[in-house]
Amino acid sequence: MVVAELELDAADGTGVRITPAPGGPSPDTAAREGDDRRIFALVRLRGRPVGTVVGRVRAGEDPASVLAKQAADEITVPDAPERPPTGEVPRATVVVATRERPAQLARALDSLLAQDHPDFEIVVVDNAPATGATRELVTSGYADRGVRYALEPLPGLAAAHNRGVAVAGADVIAFTDDDVIADPHWLTALTRPFGEYPRPACVTGLILPARLTTPAQVLLESHGGFAKGFAARRYDPAHPPADEPLFPFTAGRFGSGANMAFRAGPLRAVGGFDPATGTGTAAKGGDDLYAFVRLLAEGYPLHYTPDAIVWHHHRERWEDLCGQAYGYGAGLTACLTALLVRRPALLPSLLSRLPRGLAHARSMTAPRATGVAGRAGVPGEHGTYTYPWPRHLSRLERRGLLYGPLGYVRARLAVRGTSRPWEGR
């Protein structure tokens, strides 16, 4: 499945056009090969993302025309024009945590250095490295372009992120992963809400697939991927959203760690990321979810903006997808365990939502052979739970849910006695 970007009304007056997603094959080339081709397209209107479509382009057809017609039928575009941005764009530090993936890291850094943000720095955090490959890449290939290197010997994504918080030179700290390509406008869009709205401590953005070339990648994106929709949203603890009965404990609805930014002061005040969570620890994940809920519990609003886009390289193999399914379940309950350990006052609120939360977890992890009325789910149908989801992956997610608290305890024992890297500075 080809991944592309479809512009319905380009601001420069060129009208409808289609371009390949970063790093992907051209949709026009795919159509000329003589085979029908399915295309997953991010739809933009004058540059702003408004939705996705999945269409079939037959040999000889113009991909832009076919998908534009489909987008007109499937996507509801607001009549009112988007208000122009009003806030200043604050200075930012971009933190990229990595471990032994220099080729992927180089691709990510190239996209970050092409950002249109007026004032930012990049810090690469090398997490518990086994070789000097990452240090060599940064110091020899990117240091002269302003990229800084930091070492974090304690294994785990949360520990690496905390090291980034400690060395950041800006008040706004953005985080992304080494397996993404950032849209040139990503950092500007992600940091602008800090200058537009009062008291935001966190902003998250849109994550889309960079490639959909294997069954595992297509299945993950059909399951929901990492996207959180195409409408900007503000989550304010003072005014809980009526359509989120489990708020704030459905942390996965707020965003994901590959595309998030925080104001440094509030993040440090709540202890940063719990080092007993995250990939690379026994907890398997949950570091980003913990930070979201921890800040919401302190009364800080969280913003989601679809204008801040990164393209994520999903894992290609079935074995990796199995590990992700287990990790998703484990990370969620590890996060909830961490919240109760670090902030016991949340226990009554969590218990009051427990019955509904268990029902939500059963629905979220249920196996599905086909979609509603026999229609198989496709990428882009995020949150509808109409996608196919194999029973094996469903069992792995549920096993992960049961394992999460134990994983957190094991991880916590492994990091006992350690302090946050900015403490005592």
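The following legends describe close-up views of a predicted model.

**View 1. The nonpolar cores of the predicted model.**
The largest nonpolar core has 46 residues. Within this core, the residues with the most contacts are Phe 175, Phe 262, Phe 273 and Phe 292. Helix α9, which spans residues 287-297, gives the most to this core, with seven residues.

**View 2. Val 293 in helix α9.**
Val 293 is a residue of helix α9. Its relative accessibility is 1%, and therefore Val 293 counts as buried, since buried means under 20% relative accessible area. Val 293 and Thr 250 are 43 residues apart in sequence. In space, the C-alpha atoms of Val 293 and Thr 250 are 8.6 Å apart.

**View 3. A salt bridge between Asp 9 and Arg 46.**
The structure holds 17 salt bridges, and one of them joins the side chains of Asp 9 and Arg 46. The N to O distance in this pair is 2.9 Å. Side chains of opposite charge can pair when their charged atoms come close. The pair links distant parts of the chain, for Asp 9 and Arg 46 are 37 residues apart. Asp 9 is found in the loop between β1 (2-7) and β2, whereas Arg 46 is found in the loop between β3 (37-45) and β4 (48-57). Asp 9 has a relative accessibility of 32% and so counts as partly exposed. Arg 46 has a relative accessible area of 47% and is therefore partly exposed as well.

**View 4. A salt-bridge network with Glu 5, Arg 44 and Asp 183.**
Glu 5, Arg 44 and Asp 183 are linked in a network of salt bridges. In the salt bridge between Asp 183 and Arg 44, the closest N and O atoms are 3.0 Å apart.

**View 5. A salt bridge between Arg 234 and Asp 236.**
Arg 234 and Asp 236 form a salt bridge in which the closest N and O atoms are 2.9 Å apart. Arg 234 counts as partly exposed because its relative accessibility is 36%. Asp 236 counts as buried because its relative accessibility is 11%.

**View 6. A patch of positive charge on the surface.**
Arg 391, Arg 395, Arg 398 and Arg 399 gather in a patch of positive charge on the surface. Arg 391 lies in helix α12, which covers residues 391-415. With a relative accessibility of 55%, Arg 391 counts as exposed, because exposed means over 50% relative accessible area.

**View 7. A nonpolar patch on the surface.**
Leu 347, Leu 351 and Leu 354 form a nonpolar patch on the surface. Together, these residues have about 260 Å² of accessible area. Leu 354 is placed in helix α11, which covers residues 347-364. At a relative accessibility of 40%, Leu 354 counts as partly exposed.

**View 8. Pro 20 in strand β2.**
Strand β2 (residues 17-20) contains Pro 20. Pro 20 has a relative accessibility of 32% and so counts as partly exposed. Along the chain, Pro 20 and Val 3 are 17 residues apart, and their C-alpha atoms are separated by 6.4 Å.

The peptide bond from Phe 247 to Pro 248 is cis, and its omega is near 5 degrees. Pro 248 is located in the loop between β11 (233-235) and β12 (260-263).

Ala 128 is not a glycine, and its phi is positive, near 45 degrees. This residue, Ala 128, lies in the loop between β6 (120-127) and α4 (133-141). Ala 128 counts as buried because its relative accessibility is 14%. Lys 284, although not a glycine, has a positive phi of about 75 degrees. The loop between α8 (264-269) and α9 holds Lys 284. Lys 284 counts as partly exposed because its relative accessibility is 40%.

Definitions and conventions
Residues are numbered from 1 along each chain as its sequence is written. This is a predicted model: local features need pLDDT of at least 70, side-chain atom pairs count only at pLDDT 80 or more; totals for chains, interfaces and linings use all residues. Side-chain values use heavy atoms; hydrogens and water are left out. Patches are made of residues with over 30% relative accessible area and no salt bridge: like charges are joined within 9 Å, nonpolar side chains (Val, Leu, Ile, Met, Phe, Trp, Tyr) within 5 Å. Accessible areas come from the Shrake-Rupley method with a 1.4 Å probe; for residues, only the protein chains shown count as cover. A salt bridge is a side-chain nitrogen of Lys or Arg within 4 Å of a carboxyl oxygen of Asp or Glu. Lys and Arg count as positive and Asp and Glu as negative; His and the chain ends are not counted. The place of a charge is taken as NZ of Lys, CZ of Arg, CG of Asp or CD of Glu. Helices (H or I, at least four residues) and strands (E, at least two) are DSSP runs, numbered from the N terminus. Buried means under 20% relative accessible area, exposed over 50%, partly exposed in between (1.4 Å probe, protein chains only). A nonpolar core is a set of buried Ala, Val, Leu, Ile, Met, Phe, Trp, Tyr and Cys residues joined through side-chain atoms within 4.5 Å.
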